[in-house]
Amino acid sequence: DELLLEEIATELPPASRSAGAATAALMPPSSPAEVAALELQIAEAGSRDDVVGLSLRIALLHCRAAGLCVVGRGMISGLRGAGDGLVDRIEGVMIPAASESLFARPLAGGKPFRGSLSQSPVDRRLLRALGRAEASEVVLLPIRIGDRVVNLLYADNGADSLPDTGVAALRALTVGMARAYERLIRER
């Protein structure tokens with residue numbers, strides 16, 4: 001199970017995927033019925049990549065930018081982003097999990113982080129590299145399989161704060177993602 005967990009949580013996205021195709025595929029749903037359909041697709045997804053793409057579409061309903069990072073082998077690596085320029089930038093992110101960064105905070109206790117941007121040089125450089133330096137507040141939500149954080153969902157709303165209802169919806173989304181990962185592991 002450990003090997004399979006590692007494969008699900010850390011397999012890289014296909015190199016042939018273009019940023020234009022990724023952006024087009026990540027349009028937020030336009031109705032509650034479409035959200036429900038996407039949630040069902042997440043629960044039944046056939047691959048980790050499908051779970052990620054569908055989840056980021058739903059996340060864009062609640063924030064301007066969302067991204068998913070993989071946690072493994074002592075590193076936090078950007079996997080895929082959606083909204084406000086994050087699509088082209090997050091894949092270049094790679095920071096040590098033990099660093100003094102706001103991205104590392106949810107790893108220590110496995111608890112979500114919501115707050116204003118840190119003034120640490122690492123965080124300022126990281127958010128500038130992501131094109132998110134203007135964000136007034138960020139949310140980092142761990143996605144856990146068992147006792148292990150395998151992904152982090154990043155979200156911000158630009159210069160505006162994230163609404164409490166949006167943060168709650170994003171938390172629920174991460175629970176659905178974890179369940180989908182667990183199902184994929186069982187099926188393998």
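Biologist: Which residues in H7 do Ile 42, Ala 43 and Glu 44 in H3 meet?

Modeller: Helices are DSSP runs of H or I with at least four residues, strands are runs of E with at least two, and both are numbered from the N terminus. A contact needs heavy atoms within 4.5 Å. On that basis, Ile 42, Ala 43 and Glu 44 in H3 meet Leu 173, Gly 176, Ala 180 and Arg 183.

Biologist: What kind of model is this?

Modeller: Residues are numbered from 1 along each chain as its sequence is written, and side-chain values use heavy atoms, leaving out hydrogens and water. Local features need pLDDT of at least 70, side-chain atom pairs count only at pLDDT 80 or more, totals for chains, interfaces and linings use all residues, and the model is predicted.

Biologist: Is H3 roughly parallel or antiparallel to H7?

Modeller: Axes are lines fitted to C-alpha atoms, for helices over the stretch in contact, and angles run from 0 to 180 degrees between N-to-C directions. H3 and H7 (residues 164-187) pack at about 30 degrees, their axes 7 Å apart. Angles under 35 degrees count as roughly parallel, over 145 as roughly antiparallel, 65 to 115 as roughly perpendicular and the rest as oblique. So H3 and H7 are roughly parallel.

Biologist: How many charged residues does the contact of H3 with H7 have?

Modeller: Ala, Val, Leu, Ile, Met, Phe, Trp, Tyr, Cys and Pro count as nonpolar, Asp, Glu, Lys and Arg as charged, and the others, Gly among them, as polar. The contact has four nonpolar residues and one polar residue, and its charged residues number two.

Biologist: How is H3 oriented to H4, roughly parallel or antiparallel?

Modeller: H3 (residues 32-44) packs on H4 (residues 48-59) at about 155 degrees, and the axes are 9 Å apart. H3 and H4 are therefore roughly antiparallel.

Biologist: Is the crossing of H3 and H4 left-handed or right-handed?

Modeller: A crossing is left-handed if the near helix is turned anticlockwise from the far one by less than a right angle, and right-handed if clockwise. Where H3 passes H4, the crossing is left-handed.

Biologist: How many residues of the contact of H3 with H4 are nonpolar?

Modeller: H3 gives Glu 34, Val 35, Leu 38, Glu 39, Gln 41 and Ile 42, while H4 gives Val 51, Leu 54, Ser 55, Arg 57 and Ile 58. Two of these residues are polar, three are charged, and the nonpolar ones number six.

Biologist: Which side chain makes a polar contact with the side chain of Glu 137?

Modeller: Glu 137 sits in the loop between H6 (121-129) and S5 (138-145). Residues under 20% relative accessible area are buried, over 50% exposed, and in between partly exposed (1.4 Å probe, protein chains only), so Glu 137 at 12% is buried. A polar contact is a pair of N or O atoms within 3.5 Å; within protein, one must be able to donate a hydrogen and the other to accept it, and residues adjacent in sequence count only if both atoms are side-chain atoms. At 3.2 Å, the partner side chain is that of Arg 114.

Biologist: Which residue's backbone nitrogen lies 2.7 Å from a polar side-chain atom of Glu 137?

Modeller: Beyond four places in sequence, Glu 137 is in contact with residues including Ser 116, Ala 155 and Ser 161. The backbone nitrogen at 2.7 Å belongs to Leu 162.

Biologist: What relative accessible area does Ile 90 have?

Modeller: Ile 90 lies in the loop between S2 and S3 (94-96). Ile 90 is buried, with a relative accessible area of 1%.

Biologist: Which backbone oxygen does the side chain of Ser 99 reach?

Modeller: Ser 99 is in the loop between S3 and H5 (105-109). It counts as buried at 19% relative accessibility. At 2.9 Å, its side chain reaches the backbone oxygen of Pro 96.

Biologist: What value is the phi of Arg 73 near?

Modeller: Most residues other than glycine have a negative phi. Arg 73, in the loop between S1 (65-72) and S2 (75-82), is exposed at 72% relative accessible area. Its phi is positive, near 55 degrees.
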